[in-house]
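Dear colleague,

Please find below the structure that I am handing over to you. My findings follow directly after it.

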Amino acid sequence: MEIIRAEHSGFCFGVKRAIAAAEQEITKRAACGSTYAVYTVGPLIHNDFVTGDLAKRGVKIAQGSSDAREGDVLIVRSHGEPKRFYDSLAGSGVVLTDATCPFVSRIHELVHQAYLEGKQILIVGDPRHPEVTATNGWCDDQALIVGSAGDVEEKKEELTRPAGGTERGWFLVCQTTIRQETLDEVVAALAALGIFPEIENTICSATRLRQEACAELASRVDAMIVLGGKMSSNTRKLVEIAGKHCAKVFFAENIDDLPLKALRKYNTIGLAAGASTPERIIIEVIANMSETALNETNLNEETMESYMEEIDASLRLPRNGDVVEGKVLQVSDKEVIVNLGCKKDGILPVDEVTLEEGQKLTDAFHAGDDIKAKVVKVDGDDGSIRLSKKKLEVGQHWDEICEAHENKSVINVKVLRAVNGGVIAAYKEVTGFIPMSQLSDKYVESENVGEFIGQSFDVRVIRVDPKRNRAVFSHKVVLNDEKQKLIENVWNNLKVGDVVDGQVMRFTDYGAFVDIGGIDGLLHISEISWGKLKHPQEVLSIGDKIRVKILSMNQEKGKISLGLKQITPEPWSVINEKYEIGSVVTGKVVQIKEYGAFVELEPGLDGLVHISEVAHKRVADIADELTLGQVVKTKILDIDTERKRISLSIKATIDPNEEAQKAEEAAVAKAEEEVAEDAELEQSVEQAAEEVAAEVAEEAAPVTE
């Protein structure tokens with residue numbers, strides 16, 4: 001005989017939460033020796049074994065809020081209660097412990113909000129079920145309740161009359177334990193009447209998973225056992241589902257209800273359990289049937305031991321700090337319920353999950369997903385195991401930081417805020433410190449540290465202490481490493497004679513430093529131009545992008561010499577291509593000597609204008625005719641390429657008559673200027689004489705009183 005237990009069998013999260021609340025109140029009451037009473041509003045769950053055990057331990061069943069007195073504890077079961085119940089307790093002094101399943105509470109919120117908006121509420125479920133009764137109480141008992149497609153047909157008149165849902169629309173929710181097929185059939189029946197409600201599918205995912213697991217198991221075994229209370233709605237549905245897939249189904253509350261001898265003839269027996277079935281009853285049935293099989297059949301001890309190990313594993317609880325794996329049962333906006341394979345479910349609250357901006361828990365997790373998390377608390381306030389993804393991730397992130405420190409690899413961080421002496425930066429869920437000196441490869445003023453806030457960049461971990469949650473990062477080391485790689489790349493890929501792009505970075509009196517891709521090379525002043533320069537700024541500016549030639553490289557000293565003039569041909573090498581004797585060219589006077597003036601035709605190419613070639617007249621002092629920087633028109637008289645000399649003439653470009661006329665005009669202009677100066681002087685003398693005479697007359701005038 002092989003006994004196979006269906007997945008997702010036994011207490012659901014809501015029931016576990018309610019039982020845990022009762023256990024906690026029993027323990028608390030016993031510890032303080034108080035005489036106050038502990039009540040549950042109606043049977044806590046649909047299982048006589050559990051409710052009987054609670055009764056023996058002093059837990060009473062109240063029919064309503066009026067049964068409890070001031071100081072008594074009133075536990076609301078997982079089905080929840082109508083709004084009027086909570087209103088009636090205001091100021092009563094009754095201590096309320098609300099164990100309503102969070103997923104049922106969500107239905108109450110949805111129904112109440114829709115009712116306030118003027119919508120007509122439609123509940124798909126059993127009108128006698130306490131969960132449906134409670135839900136109806138959140139819309140003043142004004143909901144229309146249907147349990148099947150047949151009910152839709154029977155209530156056709158209520159659904160289609162004008163006072164129904166036609167004005168504001170129907171809002172549909174459903175009992176958490178109904179079958180999906182039932183909901184689909186009801187929706188189809190409504191559509192046939194032309195009614196298309198706003199639907200919130202509130203079927204509990206744990207119920208759906210439980211029903212699917214039961215159907216799957218029933219289809220492959222010889223017989224099915226369904227354990228649960230006779231009054232349990234969800235258990236009866238499991239019996240119905242099992243009957244559709246298996247010819248023989250046994251419905252039992254405990255081991256006493258099972259015909260053990262009759263079950264011996266089946267080779268494979270499946271076992272499913274309702275949401276209100278305690279784990280110990282499931283274990284008791286499996287253990288008894290396994291022992292019977294071992295004694296009366298050929299079942300070997302190894303198989304029996306395997307069963308007992310599974311049972312033992314289901315009873316063991318993880319410890320704080322353990323990393324556990326499980327399967328998602330249900331997801332809401334506030335928490336994720338996780339089946340951990342033990343007698344208690346795990347709760348993963350939204351604040352223990354790292355979500356992207358705008359993302360919800362329901363976007364990140366879905367029923368049936370496998371999940372890994374860290375246990376932060378066993379036996380939480382609701383009797384569950386509290387989980388955290390963040391703390392698991394933090395541990396993983398510290399491992400990554402330690403690995404990066406050991407391997408000297410980089411990680412990417414985001415600067416969060418400035419602190420004394422540096423900044424705080426985050427690597428995922430872990431924060432570390434970046435000293436001011438490690439923020440950049442350049443000096444950073446303390447008043448400029450704000451420029452880094454919000455930036456993300458690579459860092460190296462230079463110190464780490466996970467036990468004290470401390471890590472120190474350096475961005476400077478990364479920048480220096482990148483610069484070093486850049487430098488190595490330049491040395492490995494460049495050679496003398498290469499022409500490369502560069503940018504002028506700074507000047508000295510003897511040249512300019514040019515960045516050629518991470519390395520600064522020296523462009524000596526003598527290598528900038530074929531002509532003569534006094535300072536590099538005569539032809540270059542900071543930031544200029546230029547093409548330069550590599551003249552020499554010394555990797556040991558880290559020096560590179562560059563040339564700019566080499567990019568263009570040396571003027572004398574192409575002089576015959578640009579100049580010829582007899583042609584007229586323009587140049588700039590760059591030097592004046594007693595015997596003549598040197599005129600620059602282009603950088604590196606000067607010609608001499610002899611003093612006798614300056615003008616048609618006799619020139620005694622050449623400085624009287626020419627000035628430095630003056631642009632003049634000249635005629636090439638001779639080109640001596642061997643001696644690199646050019647003879648020029650200015651007078652050859654001037655008409656003698658024109659020169660004489662200009663000389664005469666200059667003489668007349670000078671004479672007129674002298675006359676004007678004499679007239680101005682005479683006028684000044686006369687004005688001074690008049691001023692003196694006026695002063696004398698003023699002094700000689702009689703004084704009157």
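In this predicted model, the largest pocket has a volume of about 800 Å³. Its lining is made up of 27 residues, and those closest to the centre of the pocket are Lys532, Val590, Gln591, Glu600 and Asp606. Four strands each supply at least two residues of this lining: S28 (584–593), S29 (596–602), S30 (605–610) and S32 (645–649). By class, the lining of the largest pocket comprises 12 nonpolar, 7 polar and 8 charged residues.

The structure also holds 3 cavities of 30 Å³ or more. The lining of the largest cavity contains 8 nonpolar, 13 polar and 2 charged residues.

One residue deserves a separate note. Asn136 belongs to helix H5, which covers residues 130–136. Is Asn136 buried or exposed? Its relative accessible area is 10%, and Asn136 therefore counts as buried, the cut-off being under 20%. A polar atom of the Asn136 side chain lies 3.4 Å from the backbone nitrogen of Gln142. When neighbours within four places in sequence are left aside, Asn136 is in contact with Ile123, Asp141, Gln142, Ala143 and Ile145.

With kind regards

Terms used. Residues are numbered from 1 along each chain as its sequence is written. This is a predicted model: local features need pLDDT of at least 70, side-chain atom pairs count only at pLDDT 80 or more; totals for chains, interfaces and linings use all residues. Side-chain values use heavy atoms; hydrogens and water are left out. On a 1 Å grid over the protein atoms alone, a cavity is a set of points where a 1.4 Å probe fits but cannot get out, and a pocket is an open set with protein on both sides within 12 Å along at least five of seven lines; lining residues have an atom within 4 Å of a point. Grid points are joined across faces, edges and corners, and a volume is the space filled by probe spheres set on the points. Ala, Val, Leu, Ile, Met, Phe, Trp, Tyr, Cys and Pro count as nonpolar, Asp, Glu, Lys and Arg as charged, and the others, Gly among them, as polar. Buried means under 20% relative accessible area, exposed over 50%, partly exposed in between (1.4 Å probe, protein chains only). A polar contact is a pair of N or O atoms within 3.5 Å; within protein, one must be able to donate a hydrogen and the other to accept it, and residues adjacent in sequence count only if both atoms are side-chain atoms. Contact means heavy atoms within 4.5 Å.
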